[in-house]
Amino acid sequence: MWRYVFTDFLEYVSESLAQEGTGSEDVNSNSNNNSHNGISDRDSGGGREEVKYEDENDFEEEEEEEEEVEGKDVDERKSTYYSEDDEELLEGWSAIPDIILEDILSLLSPKYRHQCSMVCRRWYRYFYSARVWEAFTLNDRSFTRKKFNLYLGYQHESDPRKVQLCLARVGSFFKSIIIPPIKDYFNLYEFLRVLGYFLNFFDNYPMPHLKTFHFTFHCEFWEHSGVSIHGTGGDILDKMKKVIGSMKNMKEIHLANLMLDMKDASDFIDPIYKVSGDSLQTLSLVNCTNDVFPFPMIAQMSALQKLVISSNNIDDESVLLFAGTQLTEIQIVEDHLTPSSIPISPATWSFLLEMIPYIRVVLRTLGRLRRDMMQQPGAPVYSVIHENPRSQLRPAVAMQIADLYHKNLELFAQLKLPRVHGSRSFTERIDSNLLMMVKSCPKLHTLIIKERLSTASLLLLVHEAKNLKKLYVRKNALLRKYDWPRLPEWSDSFYKWLKRTSYDINSLEDYISEVLDYRWHPLTDKQFKLLSLM
C-alpha cells in the first residue's frame with residue numbers, strides 16, 4: 001500500500017513542478033511586455049514579490065476553495081488505498097476520549113510516546129499533556145543511542161542531549177520520578193548528572209509539581225563464582241545526594257539497596273533533612289547500609305507520618321526520639337540483603353505507645369529471605385506481611401505471632417507464589433498452626449494464604465474468625481478433603497456438616513460468601529500474583 005502512496009506522491013510533485021514552470025513562463029512573458037511599454041514589474045504589480053488583495057474575503061474564499069480541492073484529493077486517495085475496515089479503524093481511534101488517550105500514553109515509555117506524537121496533531125498535542133508525564137520512570141534504554149564497540153558490539157550509551165531536551169520540554173509536569181534497578185552504572189550516572197544540573201540551573205524551581213522520588217540501586221550481580229554485591233558510592237552517590245538536595249518540598253522519598261559503608265552513611269540523611277525536613281510525609285530507607293547503622297536524624301523531620309525502614313537502621317534510641325514526631329505508621333522491613341540485628345526492647349515500645357497511642361507497626365519480609373522474621377516483643381503490630389516466596393508459617397512462628405500480637409493483629413498476608421509445592425500431609429501443613437493463630441487474634445479481618453490448605457481447614461477458619469472480612473487463598477493450593485480429627489467440642493450435626501461441605505465446593509463457596517458478605521471464590525495463580533497491599 002505504501003508503495004502506491006509513494007508513487008502517487010511523486011506524480012503529484014512532478015505535476016506541481018510542471019505547473020510552476022508554466023506559471024513562471026507566463027510571468028516572464030508579461031514582464032517582457034511590460035518592459036517594452038516602459039513599465040517595471042514592481043510598478044505594475046505583476047511581479048511575484050507582492051500580492052495584494054482588494055478584499056480580505058477574497059483571500060478567505062480562495063483558501064476555502066484550496067481546502068475543498070485538497071479535501072477531495074485526500075478523500076479520493078483514501079477510497080483508493082484504504083478499505084472500509086481501515087476507515088472504520090481510523091474513525092475509532094479518532095473517537096477515543098481525551099482522558100483515555102492520556103492514560104494510554106502515560107503507560108508507554110518516553111520513546112514510544114514520542115513515536116505516537118508523530119501520528120497526528122491531536123496525539124502530538126496530548127503528548128505534551130501534564131497527565132501523561134505525571135509519573136516518569138527511567139529504564140535501562142531510556143535516552144540512549146546505539147554505539148558500536150569493537151569488543152562488545154553495539155552498546156546502548158546514554159545521550160545527555162536527549163535527557164536535556166526531555167527535562168526542558170516536559171520536566172515541569174513531573175510529579176514523581178522512579179528509578180528502578182539499572183545495570184548500566186554509566187547511564188544512571190549521566191541521568192543523575194543532567195537532572196542535578198537541570199534542578200540547579202534556573203532561578204525559579206523548574207519542577208514545582210515534583211513530590212515523589214523513588215531510587216533503587218542495582219547492587220546484585222550474578223557471576224560464575226556466585227552473587228556479588230556492590231554498594232552505592234563515589235560519583236553516583238554524590239550525584240544522587242545533589243539531586244535529592246536540589247528537590248524542594250518533597251512528600252515521599254524511597255531509597256532502597258544503597259548498601260552504603262559507614263563513612264558514607266554518616267551524612268547521608270543531611271540533604272533530605274535540609275531541603276524537605278518540614279514537608280516530607282513518607283520516608284523509605286531499605287538496605288541503605290551494609291551494617292547496623294541507625295539514623296536518629298529521622299526524628300527531626302516534623303511532618304513525617306510514615307516510615308519504612310530496615311531492621312538494621314533502627315534502634316532503641318531512634319524509637320525513643322520518634323515520640324516527639326507525628327508518626328502514625330512504622331514498617332520494619334527485612335530481606336536477604338538486610339544484616340542481622342537485635343529487636344527493639346519492649347520497654348521502648350511501651351514508652352512510644354504512651355506518647356503516641358495511635359502508632360501502628362507493620363512487619364514485612366521481602367526478597368529471598370531464608371531466616372524467620374525477626375519479632376518485635378511489645379510492639380503494637382497490626383500487620384504481618386510476607387512478600388517472600390520462601391516464607392512458611394512454621395509452628396514456632398505461629399506461636400510467637402499469636403502470643404505477641406494477639407491484641408492488635410488485623411492482617412496476616414503471604415504474598416507471591418511459593419517456590420516449591422508444600423506437603424499434602426496434614427501433619428506437615430500449616431492448617432493447625434493457622435487455626436490456632438486465628439483463634440488467638442480476635443481483631444483479624446484480612447487473611448491471605450498461599451500455602452496448601454484443606455477445604456475442611458478453610459471452613460474452620462471462617463467459622464472461628466469472628467471479624468474476618470477478606471479471605472484470599474489459591475485454588476491450586478486448596479485440597480478438597482477432610483483430614484481433621486474430631487474435636488471434643490464439636491457436636492454431631494457440626495461434624496457431619498463439616499465433613500459433607502468439605503467435599504462440596506459449591507456449598508463451601510456459598511457458606512464463605514454468606515459469612516463474608518460478598519461472592520467469594522478461590523483465586524487462580526495469575527490472580528493471586530496480582531494481589532498487592534501497598
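Accessible areas here come from the Shrake-Rupley method with a 1.4 Å probe, and for residues only the protein chains shown count as cover. On that basis the accessible surface of the chain comes to about 30400 Å², of which carbon and sulfur atoms hold 51%. What you see is a predicted model, in which local features need pLDDT of at least 70, side-chain atom pairs count only at pLDDT 80 or more, and totals for chains, interfaces and linings use all residues. Residues are numbered from 1 along each chain as its sequence is written, and side-chain values use heavy atoms, with hydrogens and water left out.

Of the 534 residues, 41% count as buried, meaning under 20% relative accessible area, where exposed means over 50% and partly exposed lies in between.

Now to the nonpolar patch on the surface, which Phe148, Leu150, Tyr151, Leu152 and Tyr154 form with about 720 Å² of accessible area together. Patches are made of residues with over 30% relative accessible area and no salt bridge, nonpolar side chains (Val, Leu, Ile, Met, Phe, Trp, Tyr) being joined within 5 Å and like charges within 9 Å; a salt bridge is a side-chain nitrogen of Lys or Arg within 4 Å of a carboxyl oxygen of Asp or Glu.

Is Phe148 buried or exposed? Phe148 has a relative accessible area of 53%, so it counts as exposed, and it lies in strand S2, strands being DSSP runs (E, at least two residues) and helices likewise (H or I, at least four), numbered from the N terminus. The chain has 20 helices and 18 strands.

Key: Buried < 20%, exposed > 50% of the residue type's maximum accessible area, 1.4 Å probe, protein only.
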